[in-house]
Amino acid sequence: MSDSSDEALMQRYGQGDADAFTVLYERYRGPLYRYFLRQLGDPVQANDLYQGCWEKVIGARQRFREKTPFRAWLFRIAHNHLVDFFRAHRKPQTLPDALEDEQGKAPEAQLEDEQRQARFRQALLALPEEQRDALLLQLEAGLSLEHIAQVTGVGRETVKSRLRYGTRKLKQELAP
Amino acid sequence: MSQDHTEQQKDAARVRDAYAELAQTEPPDLLDQAILNRARQAVEKPPSRRPWGFGWVHALSTLGLLVLSLGIFHQLREPAIPAATDYPGLMMPRAADAAPEQEAVPSPAPMRAYRSAPETLEIVPEAAPEPRMKLSQPPAGPDAWLAQIRSLRETGQDARAAAELAAFRAAYPDYALPEDLQP
(Lines give C-alpha, C1' and ligand atoms only; values in the text may rest on other atoms or scores of the structure.)
Protein backbone atom coordinates (compact mmCIF):
# COMPACT_ATOMS: atom_id res chain seq x y z
CA MET A 1 0.00 0.00 0.00
CA SER A 2 2.93 2.32 0.70
CA ASP A 3 3.75 2.27 -3.03
CA SER A 4 0.30 3.44 -4.01
CA SER A 5 -0.20 6.92 -5.38
CA ASP A 6 -1.77 9.60 -3.23
CA GLU A 7 -4.78 9.62 -5.49
CA ALA A 8 -5.28 5.86 -5.28
CA LEU A 9 -5.00 5.98 -1.50
CA MET A 10 -7.54 8.76 -1.21
CA GLN A 11 -9.86 6.91 -3.53
CA ARG A 12 -9.55 3.80 -1.38
CA TYR A 13 -10.20 5.80 1.73
CA GLY A 14 -13.30 7.18 0.11
CA GLN A 15 -14.42 3.60 -0.35
CA GLY A 16 -13.94 2.87 3.33
CA ASP A 17 -10.31 1.77 3.66
CA ALA A 18 -9.09 3.52 6.81
CA ASP A 19 -5.57 2.11 6.42
CA ALA A 20 -5.21 3.99 3.15
CA PHE A 21 -5.86 7.20 5.01
CA THR A 22 -3.17 6.37 7.55
CA VAL A 23 -0.57 6.02 4.82
CA LEU A 24 -1.71 9.23 3.21
CA TYR A 25 -1.71 11.06 6.50
CA GLU A 26 1.84 10.00 7.22
CA ARG A 27 2.96 11.47 3.93
CA TYR A 28 1.41 14.89 4.47
CA ARG A 29 1.26 15.49 8.17
CA GLY A 30 4.55 17.41 8.30
CA PRO A 31 4.13 19.68 5.27
CA LEU A 32 0.53 20.48 6.06
CA TYR A 33 1.25 21.22 9.68
CA ARG A 34 4.15 23.51 8.85
CA TYR A 35 2.07 25.25 6.23
CA PHE A 36 -0.36 26.32 8.93
CA LEU A 37 2.30 26.95 11.54
CA ARG A 38 4.29 29.28 9.32
CA GLN A 39 1.23 31.04 8.07
CA LEU A 40 -0.08 31.75 11.52
CA GLY A 41 2.93 31.91 13.78
CA ASP A 42 0.85 30.43 16.58
CA PRO A 43 1.05 26.71 17.32
CA VAL A 44 -2.30 26.64 19.10
CA GLN A 45 -4.09 28.13 16.15
CA ALA A 46 -2.03 26.01 13.82
CA ASN A 47 -3.19 22.89 15.65
CA ASP A 48 -6.81 23.95 15.32
CA LEU A 49 -6.60 24.72 11.63
CA TYR A 50 -4.54 21.64 10.92
CA GLN A 51 -7.13 19.42 12.57
CA GLY A 52 -9.97 21.28 10.93
CA CYS A 53 -8.35 20.85 7.54
CA TRP A 54 -8.04 17.09 7.94
CA GLU A 55 -11.64 16.92 9.05
CA LYS A 56 -12.62 18.61 5.84
CA VAL A 57 -10.56 16.08 3.93
CA ILE A 58 -12.30 13.27 5.79
CA GLY A 59 -15.67 14.81 5.11
CA ALA A 60 -14.93 15.21 1.42
CA ARG A 61 -13.52 11.72 0.96
CA GLN A 62 -16.33 10.49 -1.25
CA ARG A 63 -16.21 13.53 -3.50
CA PHE A 64 -12.54 13.05 -4.35
CA ARG A 65 -11.86 11.90 -7.89
CA GLU A 66 -8.76 9.91 -8.67
CA LYS A 67 -7.86 12.14 -11.60
CA THR A 68 -7.48 15.11 -9.26
CA PRO A 69 -3.91 15.65 -8.04
CA PHE A 70 -4.21 14.90 -4.33
CA ARG A 71 -1.45 17.25 -3.22
CA ALA A 72 -3.07 20.23 -4.91
CA TRP A 73 -6.49 19.15 -3.67
CA LEU A 74 -5.25 18.90 -0.08
CA PHE A 75 -3.54 22.27 -0.08
CA ARG A 76 -6.48 23.87 -1.77
CA ILE A 77 -8.59 22.79 1.19
CA ALA A 78 -5.87 24.08 3.51
CA HIS A 79 -5.65 27.39 1.67
CA ASN A 80 -9.40 27.93 1.75
CA HIS A 81 -9.50 26.97 5.40
CA LEU A 82 -6.83 29.52 6.14
CA VAL A 83 -8.51 32.27 4.13
CA ASP A 84 -11.72 31.65 6.06
CA PHE A 85 -9.79 31.88 9.27
CA PHE A 86 -8.13 35.16 8.34
CA ARG A 87 -11.45 36.61 7.34
CA ALA A 88 -13.02 35.63 10.61
CA HIS A 89 -10.12 36.38 12.91
CA ARG A 90 -6.98 38.28 12.48
CA LYS A 91 -3.75 38.73 10.61
CA PRO A 92 -0.80 36.51 11.53
CA GLN A 93 1.28 37.51 14.45
CA THR A 94 5.00 37.33 14.99
CA LEU A 95 6.33 33.86 15.58
CA PRO A 96 7.88 33.21 18.99
CA ASP A 97 11.62 32.66 18.59
CA ALA A 98 11.61 29.52 20.67
CA LEU A 99 8.83 27.92 18.69
CA GLU A 100 10.90 25.87 16.33
CA ASP A 101 13.99 24.69 18.14
CA GLU A 102 16.87 22.91 16.57
CA GLN A 103 18.69 20.31 18.55
CA GLY A 104 22.07 18.62 18.46
CA LYS A 105 24.27 21.59 17.63
CA ALA A 106 26.96 23.34 19.62
CA PRO A 107 25.51 26.15 21.70
CA GLU A 108 27.23 29.01 19.78
CA ALA A 109 26.48 27.62 16.34
CA GLN A 110 23.01 26.76 17.46
CA LEU A 111 22.45 30.26 18.72
CA GLU A 112 23.65 31.75 15.43
CA ASP A 113 21.44 29.38 13.42
CA GLU A 114 18.50 30.08 15.63
CA GLN A 115 18.91 33.81 15.22
CA ARG A 116 19.14 33.51 11.44
CA GLN A 117 16.17 31.24 11.25
CA ALA A 118 14.20 33.43 13.57
CA ARG A 119 14.83 36.39 11.29
CA PHE A 120 13.78 34.32 8.34
CA ARG A 121 10.58 33.21 9.99
CA GLN A 122 9.81 36.75 11.01
CA ALA A 123 10.43 37.92 7.49
CA LEU A 124 8.17 35.19 6.17
CA LEU A 125 5.41 36.22 8.50
CA ALA A 126 5.89 39.85 7.59
CA LEU A 127 5.25 39.16 3.93
CA PRO A 128 1.90 40.10 2.42
CA GLU A 129 -0.48 37.23 2.85
CA GLU A 130 -0.65 36.34 -0.85
CA GLN A 131 3.14 36.28 -1.24
CA ARG A 132 3.61 34.17 1.87
CA ASP A 133 0.92 31.79 0.78
CA ALA A 134 2.48 31.38 -2.67
CA LEU A 135 5.92 30.80 -1.19
CA LEU A 136 4.72 28.25 1.35
CA LEU A 137 2.72 26.41 -1.28
CA GLN A 138 5.87 26.18 -3.31
CA LEU A 139 8.47 25.60 -0.59
CA GLU A 140 6.49 23.50 1.87
CA ALA A 141 3.78 21.88 -0.20
CA GLY A 142 5.99 21.49 -3.25
CA LEU A 143 3.31 22.61 -5.68
CA SER A 144 4.08 23.69 -9.21
CA LEU A 145 3.20 27.15 -10.53
CA GLU A 146 0.13 25.72 -12.21
CA HIS A 147 -1.11 24.04 -9.08
CA ILE A 148 -0.46 27.12 -6.96
CA ALA A 149 -2.49 29.07 -9.46
CA GLN A 150 -5.30 26.51 -9.18
CA VAL A 151 -5.18 26.43 -5.40
CA THR A 152 -5.18 30.18 -4.94
CA GLY A 153 -7.54 30.89 -7.82
CA VAL A 154 -5.28 33.31 -9.71
CA GLY A 155 -3.37 33.20 -12.96
CA ARG A 156 0.02 31.63 -13.41
CA GLU A 157 1.71 35.02 -14.01
CA THR A 158 0.23 36.39 -10.83
CA VAL A 159 1.71 33.49 -8.94
CA LYS A 160 5.11 34.12 -10.50
CA SER A 161 4.91 37.77 -9.54
CA ARG A 162 4.00 36.96 -5.95
CA LEU A 163 6.83 34.47 -5.70
CA ARG A 164 9.29 36.91 -7.16
CA TYR A 165 8.41 39.76 -4.79
CA GLY A 166 8.30 37.45 -1.82
CA THR A 167 11.64 35.91 -2.63
CA ARG A 168 13.25 39.33 -3.01
CA LYS A 169 12.11 40.45 0.44
CA LEU A 170 13.27 37.27 2.07
CA LYS A 171 16.65 37.52 0.38
CA GLN A 172 17.13 40.93 1.96
CA GLU A 173 16.64 39.34 5.36
CA LEU A 174 19.22 36.68 4.55
CA ALA A 175 21.87 39.21 3.65
CA PRO A 176 24.70 39.27 6.21
CA MET B 1 16.69 39.92 -19.15
CA SER B 2 18.53 36.62 -18.78
CA GLN B 3 20.78 38.17 -16.14
CA ASP B 4 17.68 39.16 -14.15
CA HIS B 5 16.33 35.67 -14.61
CA THR B 6 19.59 34.18 -13.35
CA GLU B 7 19.55 36.50 -10.35
CA GLN B 8 16.01 35.49 -9.61
CA GLN B 9 16.97 31.84 -9.76
CA LYS B 10 19.86 32.45 -7.38
CA ASP B 11 17.60 34.31 -4.98
CA ALA B 12 15.05 31.55 -5.15
CA ALA B 13 17.71 28.96 -4.43
CA ARG B 14 18.96 30.88 -1.40
CA VAL B 15 15.47 31.25 -0.05
CA ARG B 16 14.79 27.57 -0.67
CA ASP B 17 17.97 26.61 1.20
CA ALA B 18 17.14 28.94 4.06
CA TYR B 19 13.66 27.52 4.27
CA ALA B 20 15.00 23.98 4.24
CA GLU B 21 17.13 24.81 7.27
CA LEU B 22 14.08 25.55 9.31
CA ALA B 23 13.12 22.87 11.77
CA GLN B 24 10.89 20.17 10.40
CA THR B 25 8.29 20.80 13.02
CA GLU B 26 5.59 18.17 13.13
CA PRO B 27 2.17 17.98 14.69
CA PRO B 28 1.86 16.71 18.25
CA ASP B 29 1.29 12.97 18.62
CA LEU B 30 -2.03 13.48 20.32
CA LEU B 31 -3.24 15.50 17.37
CA ASP B 32 -2.14 12.73 15.04
CA GLN B 33 -4.07 10.17 17.03
CA ALA B 34 -7.17 12.32 17.19
CA ILE B 35 -7.21 12.81 13.43
CA LEU B 36 -6.49 9.16 12.64
CA ASN B 37 -9.22 8.04 15.01
CA ARG B 38 -11.63 10.48 13.44
CA ALA B 39 -10.74 9.23 9.97
CA ARG B 40 -11.29 5.62 11.02
CA GLN B 41 -14.58 6.35 12.73
CA ALA B 42 -15.81 8.14 9.63
CA VAL B 43 -15.58 5.02 7.49
CA GLU B 44 -16.50 2.44 10.06
CA LYS B 45 -19.98 1.13 9.59
CA PRO B 46 -22.23 2.19 12.42
CA PRO B 47 -22.80 -0.69 14.79
CA SER B 48 -25.83 -2.50 13.56
CA ARG B 49 -28.67 -2.45 16.03
CA ARG B 50 -28.81 -5.89 17.44
CA PRO B 51 -32.32 -7.18 17.22
CA TRP B 52 -31.91 -8.47 20.75
CA GLY B 53 -29.95 -5.52 22.02
CA PHE B 54 -30.24 -5.10 25.76
CA GLY B 55 -30.99 -8.82 25.80
CA TRP B 56 -32.01 -9.15 29.41
CA VAL B 57 -34.33 -6.16 29.21
CA HIS B 58 -35.96 -7.64 26.15
CA ALA B 59 -36.29 -11.03 27.79
CA LEU B 60 -37.86 -9.56 30.90
CA SER B 61 -40.30 -7.39 29.01
CA THR B 62 -41.28 -10.27 26.75
CA LEU B 63 -41.84 -12.50 29.75
CA GLY B 64 -43.89 -9.78 31.43
CA LEU B 65 -46.07 -9.39 28.37
CA LEU B 66 -46.56 -13.12 28.18
CA VAL B 67 -47.62 -13.32 31.82
CA LEU B 68 -49.94 -10.34 31.38
CA SER B 69 -51.49 -11.87 28.27
CA LEU B 70 -52.05 -15.19 30.02
CA GLY B 71 -53.62 -13.39 32.95
CA ILE B 72 -56.02 -11.47 30.76
CA PHE B 73 -56.86 -14.61 28.81
CA HIS B 74 -57.52 -16.47 32.03
CA GLN B 75 -59.74 -13.68 33.33
CA LEU B 76 -61.78 -13.67 30.17
CA ARG B 77 -62.01 -17.41 30.03
CA GLU B 78 -63.05 -18.05 33.65
CA PRO B 79 -66.74 -17.16 33.32
CA ALA B 80 -67.12 -19.38 30.28
CA ILE B 81 -65.68 -22.43 31.97
CA PRO B 82 -66.05 -21.72 35.65
CA ALA B 83 -64.30 -23.86 38.16
CA ALA B 84 -66.64 -26.13 40.01
CA THR B 85 -65.71 -24.71 43.37
CA ASP B 86 -66.33 -21.15 42.22
CA TYR B 87 -69.68 -21.74 40.56
CA PRO B 88 -71.32 -24.78 42.03
CA GLY B 89 -74.58 -23.86 40.37
CA LEU B 90 -73.12 -24.79 37.09
CA MET B 91 -72.25 -28.26 38.14
CA MET B 92 -74.28 -31.21 36.97
CA PRO B 93 -77.32 -31.50 39.20
CA ARG B 94 -76.25 -33.79 41.92
CA ALA B 95 -78.37 -33.52 45.02
CA ALA B 96 -75.50 -34.31 47.34
CA ASP B 97 -73.55 -31.28 46.12
CA ALA B 98 -76.40 -28.82 46.58
CA ALA B 99 -75.39 -27.77 50.05
CA PRO B 100 -77.05 -24.62 51.41
CA GLU B 101 -73.80 -22.61 51.65
CA GLN B 102 -73.03 -23.37 48.04
CA GLU B 103 -76.42 -22.20 46.98
CA ALA B 104 -75.66 -18.87 48.60
CA VAL B 105 -72.81 -18.26 46.18
CA PRO B 106 -74.10 -16.06 43.36
CA SER B 107 -74.15 -18.04 40.21
CA PRO B 108 -73.41 -16.49 36.84
CA ALA B 109 -76.99 -16.48 35.74
CA PRO B 110 -76.60 -15.55 32.10
CA MET B 111 -74.04 -18.23 31.41
CA ARG B 112 -76.06 -20.82 33.22
CA ALA B 113 -79.17 -19.86 31.28
CA TYR B 114 -77.28 -20.00 28.05
CA ARG B 115 -75.75 -23.33 28.73
CA SER B 116 -78.95 -24.85 30.09
CA ALA B 117 -81.20 -23.64 27.32
CA PRO B 118 -80.65 -26.57 24.92
CA GLU B 119 -81.37 -29.06 27.65
CA THR B 120 -84.72 -27.39 28.25
CA LEU B 121 -85.56 -27.39 24.59
CA GLU B 122 -84.86 -31.07 24.35
CA ILE B 123 -86.98 -31.92 27.31
CA VAL B 124 -90.05 -29.81 26.53
CA PRO B 125 -91.21 -31.65 23.39
CA GLU B 126 -91.13 -34.93 25.22
CA ALA B 127 -93.07 -33.56 28.20
CA ALA B 128 -95.73 -31.68 26.24
CA PRO B 129 -97.61 -34.61 24.61
CA GLU B 130 -98.23 -36.23 27.92
CA PRO B 131 -102.01 -35.48 28.00
CA ARG B 132 -102.41 -36.68 24.43
CA MET B 133 -100.49 -39.80 25.23
CA LYS B 134 -102.97 -40.47 27.95
CA LEU B 135 -105.87 -39.93 25.62
CA SER B 136 -104.48 -41.94 22.83
CA GLN B 137 -103.40 -44.78 24.95
CA PRO B 138 -105.80 -47.50 23.87
CA PRO B 139 -107.47 -49.69 26.43
CA ALA B 140 -106.92 -53.41 26.33
CA GLY B 141 -108.97 -53.94 23.11
CA PRO B 142 -111.41 -52.26 20.67
CA ASP B 143 -114.48 -53.17 22.65
CA ALA B 144 -113.11 -51.82 25.88
CA TRP B 145 -111.94 -48.61 24.06
CA LEU B 146 -115.47 -48.18 22.59
CA ALA B 147 -116.97 -48.72 26.03
CA GLN B 148 -114.75 -45.98 27.37
CA ILE B 149 -115.87 -43.61 24.61
CA ARG B 150 -119.54 -44.34 25.47
CA SER B 151 -118.78 -43.61 29.08
CA LEU B 152 -117.28 -40.21 28.12
CA ARG B 153 -120.36 -39.33 26.16
CA GLU B 154 -122.61 -40.35 28.97
CA THR B 155 -120.73 -38.12 31.36
CA GLY B 156 -121.02 -35.17 28.99
CA GLN B 157 -117.42 -35.15 27.84
CA ASP B 158 -118.34 -34.98 24.20
CA ALA B 159 -115.17 -33.29 22.98
CA ARG B 160 -112.95 -35.78 24.63
CA ALA B 161 -115.21 -38.62 23.43
CA ALA B 162 -114.94 -37.29 19.86
CA ALA B 163 -111.14 -37.11 20.12
CA GLU B 164 -110.96 -40.66 21.44
CA LEU B 165 -113.29 -41.88 18.71
CA ALA B 166 -111.09 -40.26 16.06
CA ALA B 167 -108.09 -41.96 17.59
CA PHE B 168 -109.97 -45.26 17.62
CA ARG B 169 -110.83 -44.98 13.93
CA ALA B 170 -107.21 -44.16 13.15
CA ALA B 171 -106.10 -47.20 15.11
CA TYR B 172 -108.77 -49.55 13.81
CA PRO B 173 -109.86 -48.21 10.42
CA ASP B 174 -111.59 -51.49 9.39
CA TYR B 175 -113.52 -51.96 12.57
CA ALA B 176 -117.27 -51.49 12.14
CA LEU B 177 -118.47 -48.89 14.59
CA PRO B 178 -121.69 -49.59 16.48
CA GLU B 179 -124.67 -47.45 15.49
CA ASP B 180 -124.70 -45.37 18.66
CA LEU B 181 -121.09 -44.26 18.02
CA GLN B 182 -121.29 -43.61 14.29
CA PRO B 183 -120.99 -39.90 13.38
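Colleague: Which residues is A:Glu140 in contact with, leaving aside its neighbours within four places in sequence?

Modeller: This is a predicted model. In it, A:Glu140 is in contact with A:Pro31, A:Arg34 and A:Tyr35. For each of these pairs, the C-beta atoms lie within 7 Å, and that is what makes it a contact.

Colleague: Where does A:Glu140 lie?

Modeller: In a loop of chain A.

Colleague: Why does A:Glu140 count as buried?

Modeller: Count its C-beta neighbours inside 10 Å: there are 21. The cut-off is 20 or more. A:Glu140 therefore counts as buried.

Colleague: How many residues apart in sequence are A:Glu140 and A:Gly30?

Modeller: They are 110 residues apart in sequence. In space, their C-alpha atoms are 9.1 Å apart.

Colleague: Turn to helix 2 of chain A. At which residue does helix 2 of chain A bend?

Modeller: At A:Tyr28, by about 50 degrees. That angle is taken between axes fitted to the seven residues ending there and the seven starting there. A proline, A:Pro31, follows within four residues. A:Pro31 is also one of the contacts of A:Glu140.

Colleague: Which residues in helix 2 of chain A are buried?

Modeller: Among them are A:Ala20, A:Phe21 and A:Leu24. The list also includes A:Arg34 and A:Tyr35, and both of these touch A:Glu140. Just after the helix, A:Gly41 takes a positive phi of about 75 degrees.

Colleague: Now the helix pairs. How are two packed helices described?

Modeller: By the angle between their axes and the distance between the axes.

Colleague: Then what makes helix 4 and helix 7 of chain A oblique to each other?

Modeller: The axes of helix 4 (residues 70-88) and helix 7 of chain A come within 9 Å and cross at roughly 40 degrees. Roughly parallel needs an angle under 35 degrees, and roughly perpendicular starts at 65. The pair is therefore oblique. Their crossing is right-handed.

Colleague: Which residues of helix 4 and helix 7 of chain A meet?

Modeller: A:Ala72, A:Phe75, A:Arg76 and A:His79 in helix 4 of chain A meet A:His147, A:Gln150, A:Val151 and A:Thr152 in helix 7 of chain A. By class, this contact has 3 nonpolar, 4 polar and 1 charged residue.

Colleague: Which residues in helix 3 of chain A meet helix 2 of chain B?

Modeller: A:Asn47, A:Tyr50, A:Gln51, A:Trp54, A:Glu55 and A:Ile58. On the side of chain B, they meet residues including B:Leu31, B:Ile35 and B:Arg38.

Colleague: At what angle do the axes of helix 8 of chain A and helix 1 of chain B cross?

Modeller: At roughly 65 degrees, and the axes come within 9 Å. This crossing is left-handed. Among the residues making the contact are A:Arg164, A:Arg168 and A:Lys171 of helix 8 of chain A, and B:Asp11 and B:Arg14 of helix 1 of chain B. The classes are 5 nonpolar, 2 polar and 5 charged.

Colleague: How many residues of chain A are in contact with chain B?

Modeller: 30, and they touch 25 residues of chain B. Helices 2, 3, 5 and 8 of chain A each give two or more residues to that side. Helix 2 of chain A gives the largest share, 9 residues. The side of chain A divides into 13 nonpolar, 7 polar and 10 charged.

Colleague: And what share of the residues of chain A count as buried?

Modeller: 35% of its 176 residues. For chain B, it is 7% of 183. Chain A has 8 helices and 0 strands, and chain B has 8 helices and 0 strands.

Conventions: Residues are numbered from 1 along each chain as its sequence is written. Chains are lettered from A and ligands numbered from 1 in the order in which they are written. This is a predicted model: local features need pLDDT of at least 70, side-chain atom pairs count only at pLDDT 80 or more; totals for chains, interfaces and linings use all residues. A residue is buried if 20 or more other C-beta atoms lie within 10 Å of its own, exposed if 12 or fewer, and partly exposed in between; C-beta atoms are placed from the backbone. Two residues are in contact if their C-beta atoms, placed from the backbone, lie within 7 Å. Ala, Val, Leu, Ile, Met, Phe, Trp, Tyr, Cys and Pro count as nonpolar, Asp, Glu, Lys and Arg as charged, and the others, Gly among them, as polar. Axes are lines fitted to C-alpha atoms, for helices over the stretch in contact, and angles run from 0 to 180 degrees between N-to-C directions. A crossing is left-handed if the near helix is turned anticlockwise from the far one by less than a right angle, and right-handed if clockwise. Angles under 35 degrees count as roughly parallel, over 145 as roughly antiparallel, 65 to 115 as roughly perpendicular and the rest as oblique.
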